[in-house]
Amino acid sequence: VVLATSPLSFAMAAPDLSFADFGFHGNFINGKEVPAADGATMTTTSPATGGVCGSAAASQPVDVDAAVGAATAAQPGWWARPAMEREAVLLRCADALERNVGALARVLMWDSGSVKGKAMMEVMYSASLFRTAAGEARRMYGDTFPNDKPHRISMVIREPIGVVLIVTPFNAPMVLCVKSAAFALAAGNSVVAKASPDTPLVSVVLARVLYEAGVPPGVFNVVNGTTEAIAEYITAHKGIQGIGFTGSTAVGAMVGATAARTMKRVHLELGGKNPLLVMDDVGHTGANITVDKAVQQALMGSFYHSGQICMASSRIIVHRAVADEFLKKLAERADKLKVTNDLLDDSVAYGPIANTRAFEKVHTHVEAARAAGAQILCGGTGAGLLYRPTVVLLGDREQGVLWRGGTLGARTVAPG
């Protein structure tokens with residue numbers, strides 16, 4: 001089963017996607033890359049090779065202040081631009097991402113462990129989000145309604161929030177930044193982006209591309225650093241008016257609570273536990289889908305990007321009438337999926353887990369299910385950061401955290 005062959009990888013001249021040390025990337029503040037104020041850095045290693053692929057600024061609160069200050073100063077001028085000008089800038093951003101797809105995908109691959117097809121898709125999808133957001137710049141509609149006084153009307157006018165903080169996770173660091181940033185920019189806001197410490201390079205490289213495409217200095221800024229050093233400080237910062245956070249439910253709850261103390265607008269996209277339902281008419285004469293097709297959809301939904309997607313089909317609920325055939329074929333095909341650190345292989349969507357913490361979390365959850373009596377139909381083992389595609393059969397929905405917990409990794413659950 002080929003899960004991730006992207007037509008994009010064949011539709012354009014083949015870029016250089018080989019592993020590289022991308023060197024030092026500072027914070028991106030007011031149109032420039034700058035080191036942390038104290039010069040501190042943090043090293044990032046590739047999940048695929050274990051080798052160093054670059055370093056980033058290890059920021060402290062003073063660096064956050066600089067980024068927020070730049071965004072605050074730039075936001076009124078950005079909002080004052082006519083909507084058609086903001087639209088034009090965002091369209092140029094989309095063009096720039098498409099022109100630089102190879103360079104951006106290369107950083108994505110080795111900084112986050114994304115296989116080639118997924119990395120190319122992420123860049124191109126980010127470009128499409130900028131195009132969509134560009135159109136929204138002209139649609140900042142308000143409203144009118146009758147006034148109690150004669151010959152007057154009341155109006156609601158939409159205005160930007162101000163400075164928006166965007167916090168992104170490791171699994172799709174570019175597209176999850178762009179899906180919030182592009183629309184915030186369209187509405188006249190400025191942005192401070194805080195990337196996961198596991199993938200600090202992607203946002204800085206993205207910021208450089210956007211600046212070169214015409215985003216004014218200070219309108220899109222990036223500050224990197226450890227969670228311990230700046231996470232609470234930046235979410236509580238009085239210069240931030242809105243927060244877009246993508247990550248775990250537990251951390252999202254803390255972000256929401258911190259933001260509430262200063263009445264920030266908050267948008268939280270938190271962990272999911274998504275069921276795939278396989279009904280009893282699968283494979284019947286006249287049905288729209290065969291068992292084989294259902295299995296293929298389950299493989300894609302469960303194991304794309306090694307299952308490290310919040311929308312992954314992490315729970316599969318199978319009707320008893322088709323359970324035996326479906327589970328047999330699912331386990332057989334999952335066990336044959338190619339698992340590799342070769343991110344350049346067009347035929348796979350299954351690369352390494354992002355880091356040791358995530359790997360150990362996956363394995364701990366699988367072992368907890370095994371200890372509770374679940375059947376491991378395939379997988380359940382790994383080496384390095386490669387974890388075998390794992391199918392776990394739960395007879396009791398309460399067996400272990402795999403049924404309800406947030407496990408971003410290479411497994412799926414098929415309750416009996």
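Two strands count as paired if DSSP finds at least two bridges between them. Strands here are DSSP runs of E with at least two residues, helices are runs of H or I with at least four, and both are numbered from the N terminus. This is a predicted model, where local features need pLDDT of at least 70, side-chain atom pairs count only at pLDDT 80 or more, and totals for chains, interfaces and linings use all residues. Residues are numbered from 1 along each chain as its sequence is written, and side-chain values use heavy atoms, with hydrogens and water left out.

- Let's start with β9 (residues 190-194): 5 of its 5 residues are buried, so the strand is largely enclosed by the rest of the structure. Buried means under 20% relative accessible area, exposed means over 50%, and partly exposed is in between (1.4 Å probe, protein chains only).
- In a regular strand the side chains alternate between the two faces of the sheet. In β9, S190, V192 and K194 point one way, while V191 and A193 point the other way.
- On one pairing, β9 runs parallel to β8 (residues 163-167) over 5 bridges, and A193 of β9 is the bridge partner of I166.
- To get from β8 to β9, the chain goes through helix α6 (residues 175-186) in a right-handed β-α-β crossover. Right-handed means that, with the strands pointing away from the viewer, the path from the first strand over the helix to the second runs clockwise.
- β9 also pairs with β10 (residues 220-222), again in the parallel sense, over 3 bridges; here V191 stands opposite F220.
- The link from β9 to β10 passes through helix α7 (residues 201-213), and this β-α-β crossover is right-handed too.

**Helices α8 and α9**

- Helix α8 (residues 227-236) packs against α9 (residues 249-260) at about 45°, with the axes 8 Å apart. Axes are lines fitted to C-alpha atoms, for helices over the stretch in contact, and angles run from 0 to 180 degrees between N-to-C directions.
- That angle makes α8 oblique to α9, as angles under 35 degrees count as roughly parallel, over 145 as roughly antiparallel, 65 to 115 as roughly perpendicular and the rest as oblique.
- E232, T235 and A236 of α8 meet V255, T258 and A259 of α9, in contact meaning heavy atoms within 4.5 Å.

**M42**

- M42 sits in strand β4 (residues 41-45) and is buried, at 13% relative accessible area.
- Beyond neighbours within four places in sequence, its contacts include G54, P197 and N224.
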